[in-house]
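Here is a short briefing on one protein chain.

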Amino acid sequence: MSLGYSANRVRPAAAVLLAAVLLALLTACESGTDAAGGTPAAAAAGTSPTAAAPASPAAPVGLQGTTEMNGYFQPMRYTAVDGDTWEGIAAHFRMTPEILRSFNEPVSVAEGEVIDLRGVEVPQLGAGGSVTGQDGQGRLLYTAIAGDTPAGIASRYGVPLYALRIANLNLLTGREWIPPAGTTVTIPNPPLD
């Protein structure tokens, strides 16, 4: 008697059994019951299947205005609608109201106001330098100051860090890249849609 023959017959049987168990679990998940006894999953957890969790009072309400994204899918500007506040906009874009206000001049948010979400025109921690022009391909030329970091520059201009590094391969030394003061850093263009 050959062991190979019986082992081959056991494997398909185990595969069929495994498939049946997986099918039962998937069916139970789709129907809202547990696999063992058919008890509704919500009842097993001690909650009603129709009861919704109450909304947290601190949870920000979704914004109704328009968000302008760049080619890297980073939010750059938001056009406010009636009822928007600094606090609501800041919470939606995961920043503090103080930082958002520092990027913008208006004292209050008015309908139609275009809110800068990145502070492109404002020196920031890790990106205190300034744009001094453009190259022949429309990319911004940024002059770094002491304390500037690639992450700060990338965040301020809404580009991923990898794209900033690729645009500045001539500045990379093989170690951690910190642009010295006075260095001209190229800010890449977002890809065309």
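In what order do the elements of the protein chain run from the N terminus on? They run α-α-β-β-α-α-β-β-β-α-α-β. This is a predicted model: local features need pLDDT of at least 70, side-chain atom pairs count only at pLDDT 80 or more, and totals for chains, interfaces and linings use all residues. Residues are numbered from 1 along each chain as its sequence is written, and side-chain values use heavy atoms, without hydrogens and water.

**Fold**
- The protein chain has 6 helices and 6 strands (DSSP runs: H or I, at least four residues, for helices; E, at least two, for strands).
- Of its 193 residues, 28% are buried (under 20% relative accessible area, 1.4 Å probe, protein chains only).

**Largest pocket**
- The largest pocket holds about 250 Å³ of space (a pocket is an open set of points on a 1 Å grid, where a 1.4 Å probe fits, with protein on both sides within 12 Å along at least five of seven lines).
- N70, M76, L140, Y157 and P190 are the closest to its centre among 15 lining residues (those with an atom within 4 Å of a point).
- β1 (66-69) and β2 (75-79) each give two or more residues to this lining.

**Surface patch**
- Y162, I166, L169 and L172 make a nonpolar patch of about 410 Å² (residues with over 30% relative accessible area and no salt bridge, nonpolar side chains joined within 5 Å).
- A salt bridge puts a Lys or Arg side-chain nitrogen within 4 Å of a carboxyl oxygen of Asp or Glu.
- L169 lies in the loop between α6 (161-167) and β6 (184-187).
- L169 has a relative accessible area of 54%, so L169 is exposed (over 50%).

Note on methods: Grid points are joined across faces, edges and corners, and a volume is the space filled by probe spheres set on the points. Patches are made of residues with over 30% relative accessible area and no salt bridge: like charges are joined within 9 Å, nonpolar side chains (Val, Leu, Ile, Met, Phe, Trp, Tyr) within 5 Å. Accessible areas come from the Shrake-Rupley method with a 1.4 Å probe; for residues, only the protein chains shown count as cover.
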